[in-house]
Amino acid sequence: MKLHCSKWRSGCAWLHFIHSFNDNFILITKMDSFLSSMIKNVVVLVELFLAASAEKVKLSEMSRVMIEMELRKHGIIPDVVGDMESPNNLIKITYTIPNKNETRFVRFGNDLQPTDLSNCPTNIEWPGYLEDDYTLMMVDPDCPSRLNSSQREKIHWLIVNNPGQVLRKKDTLFDYIGPQPSQGTGYHRYVFLVYGQPRADMTFDETRLHNDLEDVRRNNFSCREFAKKYNFSKPVAVNFFYARTL
């Protein structure tokens, strides 16, 4: 009887050891998975920070003369901006791809995939004054194609009365619509312009447009005419990219 009890106690101790080992192993595995996930997230954040910092340095190196030369080279002067209206500064524009820890930067004429730009940029900055209001425009001067630009300029985004140097989306006249160039129409230029307003909290009489790219009221917009109508001076900052649908 004593022998059986001893064996029983020994067996219980062994089972207890096995269960304890399994529990600890599961706990360690979960902790390892959690730590690995944290490390990956930290690495992604560091990479995004370094990429954004490098982009900021790269953009800041462009002089006013270089900006004008590039705008002429790509035909943005005179297609969108007038001969005497070249901006002195660049807009820093960052897109974040939905459901991914990836970003896309607008790099003054780089190629971007339309599918990555379905949501509006997550960050837009430009040199300016905190006490002033600004208007941001995004247009496609190559609609329906660069060879047949009968709808130039198609307006994709229009924000007014934005205070300071960072886009806050305070007052959106035309909702954002990402680039959707028709297949076979080649590359389209997508141009961002920022104008300084003569005063804050201006009243604009345009009808507010929602996210419908086929709305004909988006066709034949003119940045220059809009600026002239509301007595804006020349644009203070610019940036652009190319996109096409394969």
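Modeller: Bearing in mind that this is a predicted model, three strands form an open sheet in which the order is β3-β2-β5 and the pairing is antiparallel.

Colleague: Which strands are at the edge?

Modeller: The edge strands are β3, covering 103-105, and β5, covering 123-125, and each of them pairs on one side only.

Colleague: And how much are neighbouring strands turned against each other?

Modeller: On average the neighbouring strands of this sheet are turned by 15° against each other, with direction ignored.

Colleague: How many bridges join β2 to β3?

Modeller: Strand β2, which spans residues 92-96, is joined to β3 by three bridges, and the two strands run antiparallel. Within that pairing, Thr94 has Phe105 in β3 as its bridge partner.

Colleague: Changing topic, what does the secondary structure of the protein chain come to?

Modeller: The protein chain has four helices and 10 strands, and along the sequence these follow the pattern α-α-α-β-β-β-β-β-β-β-β-β-α-β.

Colleague: What share of the residues is buried?

Modeller: Of the 246 residues in the protein chain, 41% are buried. As for the surface, the protein chain exposes about 14,300 Å², and carbon and sulfur atoms supply 57% of that area.

Technical notes: Residues are numbered from 1 along each chain as its sequence is written. This is a predicted model: local features need pLDDT of at least 70, side-chain atom pairs count only at pLDDT 80 or more; totals for chains, interfaces and linings use all residues. Side-chain values use heavy atoms; hydrogens and water are left out. Two strands pair if DSSP finds at least two bridges between them. Axes are lines fitted to C-alpha atoms, for helices over the stretch in contact, and angles run from 0 to 180 degrees between N-to-C directions. Buried means under 20% relative accessible area, exposed over 50%, partly exposed in between (1.4 Å probe, protein chains only). Accessible areas come from the Shrake-Rupley method with a 1.4 Å probe; for residues, only the protein chains shown count as cover.
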